[in-house]
Amino acid sequence: MADKNSKLIEKLNDILRHEWTGVAQYAQAGFLVSGLWREVYSKMFFDAAEESFKHAKLIGEKIVALGGVPTVERNAVRQTNQLEEMLEMAYAFESAAVQLYKEALELAEHDRALVVLLEDILLEEQEGVDQLAKILNKLATQQAAATKGRARTG
Ligand SMILES: [Fe+2]
């Protein structure tokens, strides 16, 4: 049981490290984004930074409740001043978050309330992935439609 708990705390700290990275990475994108789309994307990036902080807060509180110490470390921040790269990095970031929360859920099966907490956050991370996939034209239906469009006009 103790071992189970320490593995869980370790995974929650992996998540916390990821969320701290998101706070810095998204805020920097919000500062740096320039050009015609700044009005739209600066707010979107700052909202994402705040969402990362909200998740960090929930996970940090839970780590302490489980007897652990919340990390103050973060991973390397990916930086660019190009909007499309910022969005690609955001897509990669949200996808990695989905993966981390799924891994934590596997370790949390014995703790129903924690499962609910992690599932609520997982849902928000998945919404982030879906939203960015639409912005970046990553969806299979969009690709199929584009191919069909080309076939018709060509
Ligand atoms: Fe998050």
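User: What makes α3 and α4 roughly antiparallel?

Analyst: In this predicted model, α3 and α4 pack at an angle of about 155°, with axes 9 Å apart. Axes are lines fitted to C-alpha atoms, for helices over the stretch in contact, and angles run from 0 to 180 degrees between N-to-C directions. Angles under 35 degrees count as roughly parallel, over 145 as roughly antiparallel, 65 to 115 as roughly perpendicular and the rest as oblique. The angle is therefore in the roughly antiparallel class. The crossing of α3 and α4 is left-handed, a term used if the near helix is turned anticlockwise from the far one by less than a right angle (right-handed if clockwise).

User: Which residues of α3 and α4 meet?

Analyst: Among them are Ala90, Glu94, Ala97, Tyr101 and Ala104 in α3, and Leu118, Ile121, Glu125, Gly128 and Leu132 in α4. Two residues are in contact if their C-beta atoms, placed from the backbone, lie within 7 Å.

User: How do you know what limits apply to the model, and how are residues numbered?

Analyst: Because the model is predicted, local features need pLDDT of at least 70 and side-chain atom pairs count only at pLDDT 80 or more, while totals for chains, interfaces and linings use all residues. Residues are numbered from 1 along each chain as its sequence is written.

User: How are α2 and α4 placed relative to each other?

Analyst: The axes of α2 and α4 come within 12 Å and cross at roughly 165°. By the same cut-off, over 145, α2 and α4 are therefore roughly antiparallel. Glu51, His55, Leu58 and Lys62 of α2 make the contact with Leu114, Leu117, Ile121 and Glu124 of α4. α2 passes α4 in a left-handed crossing.

User: What makes a stretch of the chain count as a helix, and how many helices are there?

Analyst: Helices (H or I, at least four residues) and strands (E, at least two) are DSSP runs, numbered from the N terminus. By that rule the chain has five helices and zero strands.

User: Which residues of α4 are called buried?

Analyst: A residue is buried if 20 or more other C-beta atoms lie within 10 Å of its own, exposed if 12 or fewer, and partly exposed in between. In α4, Leu118, Ile121, Glu125, Gly128 and Leu132 are buried, and these pack against α2 and α3. An α-helix has 3.6 residues a turn, so residues three or four places apart point the same way. In α3 the buried residues include Phe93, Ala97, Tyr101 and Ala104. Of the 154 residues of the chain, 27% count as buried.

User: What makes a set of residues a nonpolar core, and how many residues has the largest?

Analyst: Such a core is a set of buried Ala, Val, Leu, Ile, Met, Phe, Trp, Tyr and Cys residues joined through C-beta atoms within 7 Å. The largest has 27 residues, and those with the most contacts inside it include Leu12, Phe45, Tyr101 and Ala104. α1, α2, α3 and α4 each supply at least two of its residues; α1 gives the most, with eight. Leaving aside neighbours within four places in sequence, Ala104 is in contact with Lys11, Leu12, Ile15 and Leu118.
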